[in-house]
Amino acid sequence: MRSHLLFALVLASLPWVVHAAGDPVAGRAAFAKCASCHAVGPSARGGFGPQLTNVIGRKAGSTSDFKYSPAMASAGFIWTEDKLRAFLKAPSDVVPGNKMRFWGIGSDKQIDDILAYLRSVEQR
């Protein structure tokens with residue numbers, strides 16, 4: 001029994017377990033507040049905001065079909081789930097001077113769901 005508990009604790013600390021959080025179906029609904037500016041999927045293109053297909057693992061401010069603010073273009077980081085989570089919560093705290101006009105999402109559950117949705121539409 002003790003070894004099962006230890007095994008469960010070790011599994012819980014692995015990064016891939018964290019990535020299993022969130023509901024992509026609920027995330028698609030929550031993404032509606034993002035969809036007026038951002039697109040995802042095979043035909044996604046930049047519009048009022050950059051397209052977000054494969055955003056996880058992509059360098060900030062790097063798509064060629066969107067004109068980024070100087071702040072985002074020079075951000076110099078890769079979008080990890082942790083960085084996206086922080087940005088979705090408080091965009092101006094993560095990239096001061098970015099031009100996204102969005103105050104943030106206060107619900108950690110909604111953020112987890114949106115991240116799950118973004119993972120579900122990634123193209124390989």
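Me: How do you know how confident the predictor is in the chain?
Reply: Look at the pLDDT, which runs from 0 to 100. The protein chain averages 86. Of the residues, 82% score at least 70.

Me: Which residues have a pLDDT that stays under 50?
Reply: Residues 5-19 do. For that stretch, the model has five contacts beyond four places in sequence. Where pLDDT is low, predicted coordinates should not be read in detail.

Me: Why does the structure hold zero disulfides?
Reply: A disulfide needs two cysteine sulfur atoms within 2.5 Å. The sulfur of Cys34 has its closest cysteine sulfur in Cys37, at 8.7 Å. That is too far for a bond. Start from Cys37 and the closest cysteine sulfur is in Cys34, again at 8.7 Å and too far. So the structure has zero disulfides.

Me: Why is Cys34 called buried?
Reply: Its relative accessibility is 10%.

Me: How much of the protein chain is buried?
Reply: Buried residues make up 33% of the 124 residues.

Me: What makes a set of residues a nonpolar core here?
Reply: The members must be buried, be of the listed residue types, and be joined through side-chain atoms within 4.5 Å. The largest such core has 24 residues. Phe31, Val40, Met72, Trp79, Ile114 and Leu118 touch the most other members. Helix H5 (70-73), helix H6 (81-89) and helix H8 (108-120) each supply at least two residues of this core. H8 gives the most, with five residues.

Me: Which residues does Trp79 contact, leaving aside neighbours within four places in sequence?
Reply: The partners of Trp79 include Val55, Ile56, Gly57, Arg58, Lys59 and Ala60. Met72, Leu84 and Phe87 are among them too. A contact needs heavy atoms within 4.5 Å.

Me: What share of the contacts with a separation of 6 or more joins residues 24 or more positions apart?
Reply: That share is 46% in the protein chain.

Me: Why is Ser69 called buried, and where does Ser69 lie?
Reply: Ser69 has a relative accessible area of 7%. The cut-off is under 20%, so Ser69 is buried. Ser69 lies in the loop between helix H4 (32-35) and H5. Beyond four places in sequence, Ser69 is in contact with Gly97, Asn98 and Lys99. The C-alpha atoms of Ser69 and Met100 are separated by 8.8 Å, although the two are 31 residues apart along the chain.

Me: Why is Ser74 called exposed?
Reply: Its relative accessible area is 57%. Exposed means over 50%, so Ser74 passes. Ser74 has its place in the loop between H5 and H6. From Ser74 to Gly61 the C-alpha separation is 7.3 Å, and they are 13 residues apart along the chain.

Me: What is the phi of Asn54 near?
Reply: Phi of Asn54 is near 60°. That is a positive value in a residue other than glycine. The loop between H4 and H5 holds Asn54. At 26% relative accessibility, Asn54 falls between 20% and 50%, so Asn54 is partly exposed.

Me: What makes Met100 partly exposed?
Reply: Met100 has a relative accessible area of 25%. That sits between 20% and 50%, so Met100 is partly exposed. Met100 lies in the loop between helix H7 (91-94) and H8. Not counting residues up to four places away in sequence, Met100 touches His38, Phe87 and Pro91. Phe48 is 52 residues from Met100 in sequence and 9.4 Å away in space, C-alpha to C-alpha.

Key: Residues are numbered from 1 along each chain as its sequence is written. This is a predicted model: local features need pLDDT of at least 70, side-chain atom pairs count only at pLDDT 80 or more; totals for chains, interfaces and linings use all residues. Side-chain values use heavy atoms; hydrogens and water are left out. Buried means under 20% relative accessible area, exposed over 50%, partly exposed in between (1.4 Å probe, protein chains only). Helices (H or I, at least four residues) and strands (E, at least two) are DSSP runs, numbered from the N terminus.
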